[in-house]
Amino acid sequence: MELQEKTVKVRQMIETVVKRTINPRWQFTQSGVVALYIQTGLQSLPGLFGVSDIDDERIVDYLVYQLYRQRTSLANGSWRHTYLFSQSALEKYRNQFLSADGKSGMNYYINQWLDEAELSRSQLTAMIAKQKPNPLKKMIYLPSEEPIKKRFLNTDAGLALCQQSTTGWSPLSETCGRCDNWVECGKMTAKKYPELMRFRKEVYHGRKEK
């Protein structure tokens, strides 16, 4: 699944580069055959670099080089997706950057090409990177808060204590489910922790739909 997600992101990244640098109307075909080709191509890249696992920066370096090198065929419509990871493409990259007599100076011109389109390698790397889970999602429900929430339940004092000593209303809290002040508590919680409340509301609405 992770490789499939990476393939989708890489295809979107390629389309962004071509649209911004060459043709704003260009679209990468959504063919499943193309997706499988890209997926296989990504699996071949570690071998090119002599590593077991390749980082996103190297994937971007490889692809922007190929798009820069193939920009004429992309502009005139003769480009084919098989140019990306062909044996010839792999060899040209190896000779340009990985061999002892390679000339990495071409990166200057590639970076300039990207810069003119207001793009950068770091932006493109971010486009294909795996998103890190938001740590707030681990705080949707905190069992350790239950004893505090149970004290003075359904009283103004309990509401005040809850807001002072816990992260407030949670859709997964049994105590919150029995509390008469949950609506008001939820509004107060949203003001204090808007991002956390957004995740909690997603869970709440998801449970209601079941």
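1. Let's start in a loop: Glu118 sits in the one between helix 6 and helix 7. Helices here are DSSP runs of H or I with at least four residues, strands are E runs of at least two, and both are numbered from the N terminus. Glu118 has a positive phi of about 60° although it is not a glycine. Most residues other than glycine have a negative phi. At 63% relative accessibility, Glu118 counts as exposed; exposed means over 50% relative accessible area, buried under 20% and partly exposed in between, with a 1.4 Å probe and protein chains only.

2. A word on the model before going further. This is a predicted model, in which local features need pLDDT of at least 70 and side-chain atom pairs count only at pLDDT 80 or more, while totals for chains, interfaces and linings use all residues. Residues are numbered from 1 along each chain as its sequence is written, and side-chain values use heavy atoms, with hydrogens and water left out.

3. Phe152 is another residue to look at for its backbone. Its phi is near 55°, a positive value in a residue other than glycine. Phe152 belongs to the loop between helix 8 (146-150) and helix 9 (156-165), and at 47% relative accessibility it counts as partly exposed.

4. Now for helix 7 (residues 121-128). Which of its residues are buried? They are Arg121, Leu124, Thr125 and Ile128. These residues cover an arc of only 105° around the axis, which puts them on the same side of helix 7; the arc is that of the directions from the helix axis to the C-beta atoms. The face turned away from this buried side carries the exposed residues Ser122 and Ala126. As a reminder, an α-helix has 3.6 residues a turn, so residues three or four places apart point the same way.

5. Aromatic contacts come next. The whole structure holds 15 aromatic pairs, where rings of Phe, Tyr and Trp (its six-membered ring) pair if their centres lie within 6.5 Å, and planes under 30 degrees apart count as stacked, over 60 as edge-to-face and the rest as tilted. The rings of Tyr62 and Phe85 have centres 5.5 Å apart and planes at 15°, so this pair is stacked. The pair links distant parts of the chain, 23 residues apart: Tyr62 is in helix 3, and Phe85 is in the loop between helix 4 (71-76) and helix 5 (87-98). Tyr62 is buried, with a relative accessible area of 0%, and Phe85 counts as buried at 8%. Both belong to a cluster that ring pairs build from Tyr37, Phe49, Tyr62, Tyr65, Phe85, Tyr93 and Phe97.

6. Tyr68 and Trp113 make an edge-to-face pair, 5.3 Å centre to centre with 70° between the planes. Tyr68 lies in helix 3 and Trp113 in helix 6 (residues 106-116), so the pair ties together parts that are 45 residues apart in sequence. Tyr68 counts as buried at 13% relative accessibility, and Trp113 is buried at 11%. The charged end of Arg71 also sits over the ring of Tyr68, 3.9 Å from its centre; for this, NZ of Lys or CZ of Arg must be within 6 Å of the ring centre and within 35 degrees of the ring normal. Arg198 lies over the face of Phe199, at 4.5 Å from the ring centre.

7. On a 1 Å grid over the protein atoms alone, a cavity is a set of points where a 1.4 Å probe fits but cannot get out, a pocket is an open set with protein on both sides within 12 Å along at least five of seven lines, and lining residues have an atom within 4 Å of a point. Grid points are joined across faces, edges and corners, and a volume is the space filled by probe spheres set on the points. The largest pocket has a volume of about 240 Å³, and the residues that line it include Glu2, Lys6, Leu42, Asp55 and Ile59. The largest cavity holds about 140 Å³ of space. Of its 17 lining residues, the closest to its centre are Lys149, Leu153, Gly158, Cys162 and Cys179.
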